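Please look over the sequence and the coordinates shown here before reading the report. The text is meant to be read beside them.

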Amino acid sequence: GLYSHNDKNYNARDGRVFTVEVDDLVAIVDASQRTTPVDSQISIDASSSSDPNFASGRVIHSWSCMNLTAVPASKSTSCDLPPSINYRAPIL
């Protein structure tokens, strides 16, 4: 079938390509690097982060931890953290 829009004729075989551009996530973390004794508790807060691509700005957090003290660095392993940690919470 033929149809027209803005004085241009189209048929059912015509198509359009849409490009959707997204803005970068705004990651705000209370500290990017810190040193603490191995037996002390720490808190990492990213609750001020936002996603400008959503009206709510809501961010779905997903934390991970790597042991970077391994030598060589390519042998880094995941941290041995308690299973009670919620890796989806805005504050770790």
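## Basis of the model

This is a predicted model, in which local features need pLDDT of at least 70 and side-chain atom pairs count only at pLDDT 80 or more, while totals for chains, interfaces and linings use all residues. Residues are numbered from 1 along each chain as its sequence is written, and side-chain values use heavy atoms, with hydrogens and water left out.

## Overall architecture

The protein has 0 helices and 4 strands, and its elements follow the order β-β-β-β from the N terminus. Helices (H or I, at least four residues) and strands (E, at least two) are DSSP runs, numbered from the N terminus.

Of the 92 residues in the protein, 12% are buried; here buried means under 20% relative accessible area, exposed means over 50%, and partly exposed lies in between, with a 1.4 Å probe and protein chains only. The protein exposes about 8,200 Å², of which carbon and sulfur atoms supply 52%; the accessible areas come from the Shrake-Rupley method with a 1.4 Å probe, and for residues only the protein chains shown count as cover. When contacts (heavy atoms within 4.5 Å) are taken between residues at least 6 apart in sequence, 36% of them join residues at least 24 apart.

## The largest pocket

Rolling a probe the size of a water molecule over the atoms shows where empty space is left. The largest pocket holds about 1,000 Å³ of space. On a 1 Å grid over the protein atoms alone, a pocket is an open set of points where a 1.4 Å probe fits, with protein on both sides within 12 Å along at least five of seven lines, and lining residues have an atom within 4 Å of a point. Grid points are joined across faces, edges and corners, and the volume is the space filled by probe spheres set on the points.

The lining of the largest pocket comprises 26 residues, and Ile42, Ile44, Cys65, Cys79 and Leu81 are those that lie nearest its centre. By residue class, the lining divides into 16 nonpolar, 8 polar and 2 charged, where Ala, Val, Leu, Ile, Met, Phe, Trp, Tyr, Cys and Pro count as nonpolar, Asp, Glu, Lys and Arg as charged, and the others, Gly among them, as polar.

His61 is found in the loop between strand S2 (8-11) and strand S3 (66-67), and His61 counts as buried because its relative accessible area is 12%. The side chain of His61 reaches two backbone oxygens, that of Ala46 at 3.2 Å and that of Val59 at 3.5 Å. These are polar contacts, meaning a pair of N or O atoms within 3.5 Å; within protein, one must be able to donate a hydrogen and the other to accept it, and residues adjacent in sequence count only if both atoms are side-chain atoms. Apart from neighbours within four places in sequence, His61 is in contact with Ala46, Tyr87, Arg88, Ala89 and Pro90.

Ser49 is placed in the loop between S2 and S3 and is buried, because its relative accessibility is 12%. A polar atom of the Ser49 side chain lies 3.0 Å from the backbone oxygen of Ala46, and the Ser49 side chain reaches the backbone nitrogen of Ile28 at 2.8 Å. Not counting residues up to four places away in sequence, Ser49 touches Val26, Ala27, Ile28, Gly57 and Val59.

Asn53 lies in the loop between S2 and S3 and is partly exposed, because its relative accessible area is 31%. The Asn53 side chain has a polar atom 2.6 Å from the backbone oxygen of Asp23, and a polar contact of 2.9 Å joins the side chains of Asn53 and Asp51. Leaving aside neighbours within four places in sequence, Asn53 is in contact with Val22 and Asp23. Asn53 and Leu25 are 28 residues apart in sequence, with their C-alpha atoms 8.1 Å apart in space.

Ser40, found in the loop between S2 and S3, is partly exposed because its relative accessibility is 30%, and a polar atom of its side chain lies 2.9 Å from the backbone oxygen of Pro37. Met66 has its place in strand S3 and is partly exposed, with a relative accessible area of 45%. Met66 and Ser78 are 12 residues apart in sequence and 4.4 Å apart in space, C-alpha to C-alpha.
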